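This briefing sets out selected local features of one protein structure. Please read it alongside the sequence and the coordinates shown here.

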Amino acid sequence: MIFKNKIFVIIGGEGLIGKAFKQHVLINGGKICSVDILKKPSSLKKNEIYIKANISNLKNIQKILTKTQKKFKKIDCVINCSYPKNNQSKNLKSIKFNDLKKNIAEHLGSTIILCKSALDFFKKQGYGNIILLSSIQGIMSPKFEHYKNTNMYSPIEYTANKHAIIGIVKYFAKLYGKYNININSISPGGIKNNQDKKFLKKYRSSCLRKGMLNTTDLISTMEYLSDERSNIINGQNLIVDDGWSL
């Protein structure tokens with residue numbers, strides 16, 4: 001039971017990656033506060049609580065941390081898997097300033113507020129861990145040839161957001177690392193989710209073994225970053241992409 005007696009807050013806990021992380025933690029003895037904007041799941045596992053909340057609101061973030069601490073007495077790790085898809089452009093011609101402003105502010109603004117609140121909580125607690133989700137598009141531009149002759153598009157605001165996540169990690173690690181707090185990010189390759197077959201074939205050609213990832217391919221990295229083995233890993237971005245970025 002690698003997560004025995006460990007308490008996780010997973011933002012976006014009902015999404016593809018968040019749900020995989022949540023299930024792995026619960027199976028391995030941990031306890032979860034799952035946070036999402038969806039309605040409460042019909043059934044919750046033992047050692048799991050659910051909070052419906054939008055983290056763009058500071059009061060909501062404080063409520064999440066307070067309720068989790070009250071229920072489980074502590075928090076060991078906060079993971080943010082959320083990403084706002086509203087106001088996201090469909091193509092370069094459709095970009096509007098107000099939509100860009102809303103999408104970027106909602107993702108980066110909420111991430112900064114979440115990190116600051118969690119870091120202050122961990123500082124008082126004496127330890128803690130934060131994991132953010134960036135992307136391969138946080139380290140490189142999209143491979144536009146993969147999208148040719150498909151109905152898929154890679155929004156520029158997604159690339160901008162994911163680059164910024166890595167900067168946020170480094171900024172806060174420098175400020176709070178001395179308080180026995182770690183903050184790192186994971187940059188996954190694309191996650192398989194019923195994408196166009198033409199895209200999947202082209203994407204696979206840029207990889208080494210399997211191409212698009214399953215959510216379970218990220219679990220070992222999350223597990224490593226969330227426990228004592230990675231205590232000296234701080235302010236880093238770990239790439240999990242089957243060689244896409246080589």
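The points below are grouped by topic.

The model is predicted.

- Strand 6 is mostly covered, as eight of its eight residues are buried.
- Ile-181, Ile-183, Ser-185 and Ser-187 point one way from strand 6, while Asn-182, Asn-184, Ile-186 and Pro-188 point the other way; the residues of both sets are all buried.
- A right-handed β-α-β unit is made by strand 5, helix 4 (residues 156–176) and strand 6.

**Asn-182 and Ile-233**

- Asn-182 has a relative accessibility of 6% and therefore counts as buried, since the cut-off for burial is under 20%.
- Leaving aside residues up to four places away in sequence, Asn-182 touches Gly-128, Asn-129 and Ile-130, together with Ser-230, Asn-231, Ile-232, Ile-233 and Asn-234.
- A polar atom of the Asn-182 side chain lies 2.8 Å from the backbone oxygen of Ile-233.
- Ile-233 itself is placed in the loop between helix 6 (219–225) and strand 7.
- With 21% relative accessibility, Ile-233 counts as partly exposed, because the buried class is limited to values under 20%.
- Beyond residues up to four places away in sequence, Ile-233 touches Asn-182, Asn-184, Tyr-224 and Leu-225.
- Ile-233 and Ala-173 are 60 residues apart along the chain, and their C-alpha atoms are separated by 9.9 Å.

- Tyr-127 belongs to the loop between helix 3 (97–125) and strand 5.
- Its relative accessibility is 28%, and Tyr-127 therefore counts as partly exposed.
- The side chains of Tyr-127 and Asp-76 are joined by a polar contact of 3.1 Å.
- Not counting residues up to four places away in sequence, the residues that Tyr-127 touches are Lys-74, Ile-75, Asp-76, Phe-122, Tyr-179, Asn-180 and Ile-181.
- Between Tyr-127 and Asn-237 there are 110 residues of sequence separation, and their C-alpha atoms are 20 Å apart in space.

**Aromatic rings**

- The count of aromatic pairs comes to nine.
- Tyr-171 and Phe-172 form an edge-to-face pair, with 5.6 Å from centre to centre and 85° between the planes.
- The two partners fall into separate accessibility classes: Tyr-171 is exposed, with a relative accessible area of 56%, whereas Phe-172 is buried, with a relative accessible area of 7%.
- Tyr-147, Phe-199, Tyr-203 and Trp-244 are linked into a cluster by ring pairs.
- Over the ring of Trp-244 sits the charged end of Lys-143, 4.5 Å from the ring centre.

**Positive phi angles**

- Most residues other than glycine have a negative phi.
- Asn-47 has a positive phi of about 70° although it is not a glycine.
- Asn-47 is found in the loop between strand 2 (31–36) and strand 3 (48–52), and with a relative accessible area of 31% Asn-47 is partly exposed.
- Asp-242, likewise a residue other than glycine, has a positive phi near 55°.
- The location of Asp-242 is the segment after strand 7, and the relative accessible area of Asp-242 is 16%, which means that Asp-242 is buried.

Definitions and conventions:
Residues are numbered from 1 along each chain as its sequence is written. This is a predicted model: local features need pLDDT of at least 70, side-chain atom pairs count only at pLDDT 80 or more; totals for chains, interfaces and linings use all residues. Side-chain values use heavy atoms; hydrogens and water are left out. Buried means under 20% relative accessible area, exposed over 50%, partly exposed in between (1.4 Å probe, protein chains only). A polar contact is a pair of N or O atoms within 3.5 Å; within protein, one must be able to donate a hydrogen and the other to accept it, and residues adjacent in sequence count only if both atoms are side-chain atoms. Contact means heavy atoms within 4.5 Å. Rings of Phe, Tyr and Trp (its six-membered ring) pair if their centres lie within 6.5 Å; planes under 30 degrees apart count as stacked, over 60 as edge-to-face and the rest as tilted. A charge sits over a ring if NZ of Lys or CZ of Arg is within 6 Å of the ring centre and within 35 degrees of the ring normal. Helices (H or I, at least four residues) and strands (E, at least two) are DSSP runs, numbered from the N terminus. A crossover is right-handed if, with the strands pointing away from the viewer, the path from the first strand over the helix to the second runs clockwise.
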